[in-house]
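Please look over the model below. My notes follow as numbered points.

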Amino acid sequence: MSGGASSEDNSYDERYVANAAYVDQFHPSHELKAGIELNMSRIYEDRLQFHNDNPANKFIWSADVSPIQLSAYVQDKIEFAGMIANIGLRWDYYDVNKNLPNPNVSLDYATNADVLDAFVTGAYPTIRPTAKTHVSPRIGVAFPITVNSKVYFNYGHFVQMPNTRAMYSTSQDFELNRMFWMGNPTMDWQKSYNYELGYDQNIYNLLQFHIGAYYKDYHDQAMD
């Protein structure tokens with residue numbers, strides 16, 4: 001797989017998804033939408049590399065975790081003569097669902113070699129991350145000016161968990177006798193707060209003129 005090394009990779013991912021949605025025009029001016037989705041995953045990483053084809057110089061990437069993710073949303077579409085609004089909430093839940101190595105205690109060891117030894121022998125401390133939840137508001141409002149033009153405003157919170165390498169992967173370097181990488185399963189949601197204001201104009205049913213401005217505020221982003 002790369003120069004000067006023999007490699008094996010037995011990694012795989014599995015995902016099972018179940019969802020349901022509901023729509024009800026319960027009033028001439030209100031349309032209710034709601035839904036729920038369950039994601040159950042298996043993330044298995046098992047990669048082995050022998051540097052210079054020497055079994056003593058092995059480099060191992062590993063991870064084995066089955067996180068659970070659940071989300072639900074509810075939204076009301078409100079229509080009046082001079083306004084169309086979508087107002088909703090989204091709820092997200094994430095559970096690592098396993099005890100995993102605690103990277104926050106790695107500096108308690110005198111050397112990196114001691115961290116590797118504790119990890120290999122099973123003496124390295126683990127932690128069970130608490131399940132994480134987040135409620136995200138979503139608002140979209142459009143004001144028709146004429147039958148061919150409108151002004152609109154959107155605001156919303158968006159979250160997602162960091163990538164699996166940042167959270168779960170571990171890497172052991174036996175050539176240099178060190179723990180090369182340790183994911184942090186306690187990481188929180190990556191958050192984005194978005195604002196957008198714009199104007200749309202239909203031009204003779206042939207072209208659309210659009211002008212808009214947006215602002216995105218990012219928080220708690222994982223650096224890979």
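1. Leaving aside neighbours within four places in sequence, which residues is Met 167 in contact with? They are Tyr 94, Val 96, Met 161, Pro 162, Gly 183, Asn 184, Pro 185 and Met 187. Contact here means heavy atoms within 4.5 Å.

2. A word on provenance. This is a predicted model: local features need pLDDT of at least 70, side-chain atom pairs count only at pLDDT 80 or more, and totals for chains, interfaces and linings use all residues. Residues are numbered from 1 along each chain as its sequence is written, and side-chain values use heavy atoms, with hydrogens and water left out.

3. Met 167 also belongs to the largest nonpolar core, which has 13 residues. It is among those with the most contacts inside that core, together with Val 65, Tyr 94, Val 96 and Tyr 168. Another core, of seven residues, lies apart from it and includes Val 105, Leu 116, Ala 118 and Met 182. A nonpolar core is a set of buried Ala, Val, Leu, Ile, Met, Phe, Trp, Tyr and Cys residues joined through side-chain atoms within 4.5 Å; buried means under 20% relative accessible area with a 1.4 Å probe, protein chains only. Helices (H or I, at least four residues) and strands (E, at least two) are DSSP runs, numbered from the N terminus.

4. The largest pocket holds about 400 Å³ of space. Of its 27 lining residues, Asp 13, Arg 15, Ile 43, Thr 164 and Tyr 168 are the closest to its centre. β3 supplies the largest share of the lining, seven residues. By class, the lining has 12 nonpolar, eight polar and seven charged residues. A pocket is an open set of points on a 1 Å grid over the protein atoms alone, where a 1.4 Å probe fits, with protein on both sides within 12 Å along at least five of seven lines; lining residues have an atom within 4 Å of a point.

5. The second largest pocket has about 280 Å³ of space. Its lining counts 19 residues, and Arg 138, Ile 139, Tyr 155, Gly 156 and Phe 158 lie nearest its centre. Contributors of two or more residues include β9 (132–146) and β10 (149–160). The lining divides into eight nonpolar, seven polar and four charged residues.

6. Finally, the hairpin. β2 and β3 form it with two residues between them. The two strands run antiparallel and are joined by 14 bridges. Asp 24 has Leu 32 in β3 as its bridge partner.

Notes. Buried means under 20% relative accessible area, exposed over 50%, partly exposed in between (1.4 Å probe, protein chains only). Grid points are joined across faces, edges and corners, and a volume is the space filled by probe spheres set on the points. Ala, Val, Leu, Ile, Met, Phe, Trp, Tyr, Cys and Pro count as nonpolar, Asp, Glu, Lys and Arg as charged, and the others, Gly among them, as polar. Two strands pair if DSSP finds at least two bridges between them.
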